[in-house]
Amino acid sequence: WDLKQKLKYEKELLGLYISGHPLAPIKDELEKQTNATTQNLEGRKDGDRVRIGGLIQNARKFVTKSQKLMMFAVLEDMYGSVELVLFPGKAFDTCSDFIRDDGCVIVEGPLRVEPNQIKVIVEAIRVFHMNTRTVNIELDMEDTSKIERIKGLILEHRGSNPVVFHFNGQKIQSGQSHWVSGDEVFIRKVNEVMGHGRVWQS
């Protein structure tokens with residue numbers, strides 16, 4: 001099994017993830033494209049507009065008394081979950097096709113703050129897409145101490161950007177578990193180890 005399948009099985013069987021979280025590899029990029037997480041919804045006011053992303057769970061349609069369709073779902077991020085509501089009309093017509101279990105989406109709309117629950121009234125939705133840049137690192141395969149230090153930096157700065165290693169005229173892309181943040185701190189630290197000009201983004 002790959003990690004995605006393993007995590008799905010854990011969630012279905014145990015109700016929680018054991019081996020990690022399916023959003024972990026894209027956490028940094030997801031938070032760049034949003035302005036809220038389930039962790040910081042507390043304290044916001046009724047009607048506050050948010051843009052929040054995560055995985056869709058428990059999507060279900062409902063027929064109102066007036067025989068119109070609306071929809072409920074749960075959006076789960078790294079920190080918790082929040083209920084989504086799509087009312088009949090434009091919201092349901094334009095957004096419901098994107099509400100599928102295990103889909104990774106970004107939704108927008110006002111909050112409905114109730115005494116014991118916060119909901120997002122969905123007015124817009126889009127499928128999450130990575131907005132990433134590849135981090136290229138030129139390695140000297142004969143200097144094993146530097147390679148070990150680079151490996152340590154990669155594990156320390158995990159994120160959503162793919163890494164391509166260049167050595168001996170070859171290019172090798174790392175697995176997703178070794179993607180990096182690609183921020184200025186990571187680039188600076190790699191330059192300090194490998195020398196200026198041995199790391200670049202594309």
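Phe72 is buried, at 18% relative accessible area, where buried means under 20%, exposed over 50%, and partly exposed in between, with a 1.4 Å probe and protein chains only. Before I go on: this is a predicted model, in which local features need pLDDT of at least 70, side-chain atom pairs count only at pLDDT 80 or more, and totals for chains, interfaces and linings use all residues. Residues are numbered from 1 along each chain as its sequence is written, and side-chain values use heavy atoms, with hydrogens and water left out.

Back to Phe72. A search of the whole structure finds one aromatic pair. The ring centres of Phe62 and Phe72 are 6.2 Å apart and the planes are at 70 degrees, so the pair is edge-to-face. The criterion is ring centres of Phe, Tyr or Trp (its six-membered ring) within 6.5 Å; planes under 30 degrees apart are stacked, over 60 edge-to-face, the rest tilted. Phe62 is partly exposed, at 43%. Phe62 sits in strand E1, residues 49–63, and Phe72 in strand E2, residues 69–76, so the pair ties together parts 10 residues apart in sequence. Helices (H or I, at least four residues) and strands (E, at least two) are DSSP runs, numbered from the N terminus.

Next, salt bridges. The structure holds nine, each defined as a side-chain nitrogen of Lys or Arg within 4 Å of a carboxyl oxygen of Asp or Glu. Glu83 is in strand E3, residues 81–86, and the two are 23 residues apart. Arg60 is partly exposed at 31%, while Glu83 counts as buried at 13%.

Glu123 lies in the loop between strands E5 and E6, 74 residues from Arg49.

Now the sheet. Four strands form an open sheet in the order E10-E9-E7-E11, with mixed pairing; two strands pair if DSSP finds at least two bridges between them. E10 and E11 stand at the edges with a single partner strand each, so one side of each has no neighbour in the sheet. E7, residues 135–138, and E11 are antiparallel over three bridges, and Val135 stands opposite Gln201 in E11.

Which strand holds the partner of Arg198? Arg198, in the loop between H5 and E11, pairs with Glu138 in strand E7, so parts 60 residues apart in sequence are tied together. That salt bridge is 3.7 Å, N to O.
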